[in-house]
Amino acid sequence: MLPLLPAIVELRLKRDAQPLNVIQQHAGEIRHFANGFRKVAVELQIPLRECIATGTSAAGKLPDGDEYLVLGRADNEPWMRGGKPLAICRVVVAAGIDVVLPDEMTFVKEIYAAGQLTGGKGSTYRAILGDQDVHLQRASKVTRWAHAVGAFRAEHDCDLYGRASSDQEIDLQSGCIFQRLNAPRISFGHPTAAVDRVKSVASDAIGDLPSSPAPIARTLHDENVDIPPGAVIPGSIVTRGKLRIGAGARVLGSAKSDKAMTVDAGAYVEGSLISSGTMHIGRNCRVGGPVVAEHGMVVDSGTQCGAIRTPTTVSAPTIEIEEGALVFGTLWARDEGRVVPKA
Amino acid sequence: MIYCLFAIVALISIYTGRHYGFTLNRLFGFQRHPYIDIDTAEWPDVTVLVAAHNEEKVITNILAALMAVNYPQEKMLVVPVNDRSTDRTREIIDKFSDEHPGRIRAFHRESGKGGKAAALKDAMQMVETEVILIFDADYIPGRGLIKQLVAPFFDPEVGGVMGRVVPLNVGTNLLTRLLDLERSGGYQVDQQARMNLRLVPQHGGTVAGVRRSALLEIGGWNDNSLTEDTDLTFRLLLAGWKTVYQNRSECYEEVPETWPVRIKQIMRWAKGHNQALVAYGFHLLFGKHRATPRERIDGVLLLGVYAMAPLTLIGWFLALALFYAGTAPLHGVIALLAFTAYAATGNFAAFFEIAAAARLDYTRQRICLLPFLVLGFGVSIFSVSRAVISQLMAPLTGAQFHWDKTERFRTTP
């Protein structure tokens, strides 16, 4: 009976008899944390309005006990103590005006900006919610998440751990590290000028590619396959070996390889690209559907994945993406993504 | 007799080795979740079939949950497949249909062959989309589940998708707690290890999807099968379509709360599985088709799991008979048989698999219940053996296979 004793105790006491905790609601939504923090931002609206009206700053405590600092004017005073710049800010910051944050500073709590937010060089942020554009200067770090209702830009050598999203566009310059990005338009090293943003979005929409898994003929291969340059494949192609899609070739369906996949310059795939190995997409390619590589991906300059009206996902454990590439939708590197300069 | 015993022990040892391999893979190997990150896409039109036969206790929950998912509304049609229900199922479905015009289109089936496969087969006349998802009526999908189950279909090699089943009524009694552990081992370890190792993840017929063109290519639903999911898995495999498993696509289900219901359920599964073993086993192993060598071996082992129950009983009988006959010193064989017995049978996983699954699920105290699995083991081995014997006797007795619906226990709609 002795071996059964713990079992009998557990059966009677039901200490661990709840269903496994299945995530039923947020479903991995990239803006989940930003949406949660927005409730805090709403709570701060009254002091924010007062500070903007009086051109002052104010401090206080949130219901959960966290201290906050509300900024109603743009100057350096809140970041100074005894005439010296602070190294660490330990309170939630809410800015009602356009704000420029100091260099080399660590913000251990969230930041909310109702106006434009410009981060300082080499600063570290836990999380940022911006109701307009968010611009991080060189060598900044975000440790949890960042969301901009406007554009989100990160200069060279920024580290974006966790999630970064924008309702308009994201632009990262070379040397940036990322994990999960989501925006209608994600560019690398060539942001759309704000004034041209709407125009650019319209032009990106031209030539949207369909990406749904429509019933389309597929061919199955057990060996390595080389699609010759300029060839047209009228359906989908699946190979158990390596797959090379030649320069300028067109695949009107989707392509899948069980081993490494190489897409040469100027190739065009209407559907998805899936590789159980590594994937290298050459210059100036276009892919309509999801792009997935199980063991790492390299995307060269000029390549476009998805389109403004047909956003998609690009996903791999590690992604190396060259300046000049363009993704519409989600770019997700589980381990690490890196923006590299155009060769 | 002794060679029969050796053969049985060898078979059981193969299954034990397989279970160890799966467990070690889950604990230390590379984990494949290739499609789970696809959260943005031009989502395709999808039809969600909800199989329902006398489901008045549960149908409200699933229809309400499906109306709350984050899949684009205009791209998803829910088709409750009301299969000759005699309770309030029809009334409830029609009410939902009226409340959500254009999003639910009821399919009421009033006659025809019994069984889920036959009902789904008839319901295909309502399906116009390339992607079809299937749920049993006692399931409660989460908000993001539909996208997760549709995502793998962007891979042109994928013909079927299977999500993870998570019991909801865990704490009801000993049986539900044992089934919770069993499901955990079966999905968290077995299914995901098969996915990792590129073997044959099994289509479970619920929390699942199938590509319409693949289904049509293999001849549609097989309404002669008692387990249309197993049948589908192997026909897809033989035709060069992959079934993939999504461990993070979790969905609550209701597990049986009484032993007679559980016994009926596992007997149906055993019979259906054995049907598929007879129909596809030899061809899968030796035939000319698209399955890889590792898929052939794993597929046959998967098909054979329910046949192992009577073989284990026979093994024990032979071991005892030979021992008392003094035929040979069999201590080693008996010890091996004893060691491997728990790992060898049917639908439930070995102790160590379940223990590993509990660890992977970050659960703690429920692992204390492991010794009680002996009870489930005993019930299953005799139930499955009974099912096998009745199947073997069927040609002599003239008994017809029939589909037994699993009884529901939910009391609050």
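Select helices α1 and α10 (residues 293–303) of chain B: the two pack at an angle of about 115 degrees, with their axes 12 Å apart. This makes α1(B) roughly perpendicular to α10(B), the classes being roughly parallel under 35 degrees, roughly antiparallel over 145, roughly perpendicular from 65 to 115, and oblique for the rest. Axes here are lines fitted to C-alpha atoms, for helices over the stretch in contact, and angles run from 0 to 180 degrees between N-to-C directions. Helices (H or I, at least four residues) and strands (E, at least two) are DSSP runs, numbered from the N terminus.

The model is predicted: local features need pLDDT of at least 70 and side-chain atom pairs count only at pLDDT 80 or more, whereas totals for chains, interfaces and linings use all residues. Residues are numbered from 1 along each chain as its sequence is written, chains are lettered from A and ligands numbered from 1 in the order in which they are written, and side-chain values use heavy atoms, with hydrogens and water left out.

B:I14, B:Y15, B:R18 and B:F22 of α1(B) meet B:D298, B:V300, B:L301 and B:L302 of α10(B), contact meaning heavy atoms within 4.5 Å. By class, this contact has six nonpolar, no polar and two charged residues; Ala, Val, Leu, Ile, Met, Phe, Trp, Tyr, Cys and Pro count as nonpolar, Asp, Glu, Lys and Arg as charged, and the others, Gly among them, as polar. The crossing is left-handed, that is, the near helix is turned anticlockwise from the far one by less than a right angle.

Next, select α6(B), residues 174–196. Its axis and that of α1(B) come within 8 Å and cross at roughly 80 degrees, and the two helices are therefore roughly perpendicular. On α1(B), the contact includes B:R18, B:H19 and B:F22; on α6(B), it includes B:Q188, B:D190 and B:R194. The residues of this contact divide into three nonpolar, six polar and four charged.

Move to α11(B), residues 308–325. The axes of α1(B), residues 2–28, and α11(B) come within 9 Å and cross at roughly 135 degrees; the pair is therefore oblique. The crossing is left-handed. Among the residues in contact are B:I2, B:L5 and B:Y15 of α1(B), and B:M308, B:G315 and B:L322 of α11(B). This contact comprises 13 nonpolar, two polar and no charged residues.

Now show both chains. In the interface, 55 residues of chain B are in contact with 56 residues of chain A. The chains bury about 4600 Å² between them, 54% of it on carbon and sulfur atoms; buried area is the accessible area (1.4 Å probe) that two parts lose on being put together, summed over both.

Nine salt bridges are found across this interface, each a side-chain nitrogen of Lys or Arg within 4 Å of a carboxyl oxygen of Asp or Glu. Select A:E10 and B:R177, which form a salt bridge with the closest N and O atoms 2.7 Å apart.
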